[in-house]
Amino acid sequence: GDHSPSLRELDQLPGVTAVWYRLGLQLGVRADDLDMIRRNYPRDANVCKIMMFAEWQRGDANPTYETLVRALAGIGKRKLAESVCSTQGISLSVLGATDVTKSHQSYEEMESDAVTTAKRRIKYLQNEYEQLVIMTQEAVKAKSPTLTQFRTKITLRLPETIRSEMESSLMEKLRFISDAKSIDAIFDILNL
């Protein structure tokens, strides 16, 4: 129970790929490192998951199954946490008390709400993306806009909520935009 899981074992955990980022945060991997992983493999969540686990094992002095199951329970993957406990011979008490008010049903409801919200957000971001494409084309026609202009335009375009979420990573990404050769490259950098 207290030995270090191998990357192969970690890769075989079901249902973790979709939540690799949240699980990484829960395991104590730095958001900066997770963001870099996401930037490097934007289209491959499975690789992101493995890289996240590798990063966890590198940064944690003692990356055990116990830490893992606590983190899984912490992001709502309690059933998976329990099944790992039973295969690894870990006492379920490490997971802490289960929250009785959250029945199985309400988890499913929460999940479907989350999906609806995500779909709405994707539609909305697609629209933002199209607007940004037009802005970028105009900016490129205007012969290489300064970063400040571009930044101002993006800042005006994105609503407060997303802006604060994106602010830090956006500012970092904007540094690379001046070297970008094409609109596509710019959106690759912005990871939109």
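User: At what angle do H3 and H4 pack, and how far apart are their axes?

Analyst: This is a predicted model, in which local features need pLDDT of at least 70 and side-chain atom pairs count only at pLDDT 80 or more, while totals for chains, interfaces and linings use all residues. Residues are numbered from 1 along each chain as its sequence is written, and side-chain values use heavy atoms, with hydrogens and water left out. H3 and H4 pack at an angle of about 150°, and their axes are 10 Å apart. Here an axis is a line fitted to C-alpha atoms, for helices over the stretch in contact, and angles run from 0 to 180 degrees between N-to-C directions.

User: Why is H3 called roughly antiparallel to H4?

Analyst: Angles under 35 degrees count as roughly parallel, over 145 as roughly antiparallel, 65 to 115 as roughly perpendicular, and the rest as oblique. The angle of H3 and H4 is about 150°, which makes H3 roughly antiparallel to H4. Asp33, Leu34, Ile37 and Arg38 of H3 meet Cys48, Met51, Met52 and Glu55 of H4, where contact means heavy atoms within 4.5 Å.

User: What makes H5 and H6 roughly antiparallel to each other, and which residues make the contact?

Analyst: The axes of H5 and H6 cross at roughly 160° and come within 7 Å, and H5 and H6 are therefore roughly antiparallel to each other. From H5, Tyr65, Val69, Leu72 and Ala73 make the contact, and from H6, Arg78, Leu80, Ala81, Val84, Cys85 and Gln88 do.

User: What is the handedness of each crossing, left-handed or right-handed?

Analyst: A crossing is left-handed if the near helix is turned anticlockwise from the far one by less than a right angle, and right-handed if clockwise. The crossing of H5 and H6 is left-handed, whereas that of H3 and H4 is right-handed.

User: Which residues of H5 are called buried, and how do you know that they lie on the same side of H5?

Analyst: Buried means under 20% relative accessible area, exposed over 50%, and partly exposed in between, with a 1.4 Å probe and protein chains only. In H5 (residues 65-74), the buried residues are Tyr65, Leu68, Val69, Ala71 and Leu72. They cover an arc of only 160° around the axis, which puts them on the same side of H5; the arc is that of the directions from the helix axis to the C-beta atoms. Their cover includes H1 (7-11), H2 (20-26), H4 (45-59) and H6 (78-88).

User: What lies on the face of H6 turned away from its buried side?

Analyst: That face of H6 carries the exposed residues Lys79, Ser86 and Thr87.

User: What makes a set of residues a nonpolar core, and which element gives the largest share of the largest one?

Analyst: A nonpolar core is a set of buried Ala, Val, Leu, Ile, Met, Phe, Trp, Tyr and Cys residues joined through side-chain atoms within 4.5 Å. The largest one has 28 residues, of which Leu13, Leu23, Leu27, Met52, Phe53, Leu68 and Leu72 touch the most other members. The largest share of this core, five residues, comes from H5. Leaving aside neighbours within four places in sequence, Phe53 is in contact with Leu7, Leu10, Leu13, Val16, Leu23, Leu27 and Leu68.

User: How many helices and strands does the chain have?

Analyst: The chain has ten helices and zero strands, where helices (H or I, at least four residues) and strands (E, at least two) are DSSP runs, numbered from the N terminus.
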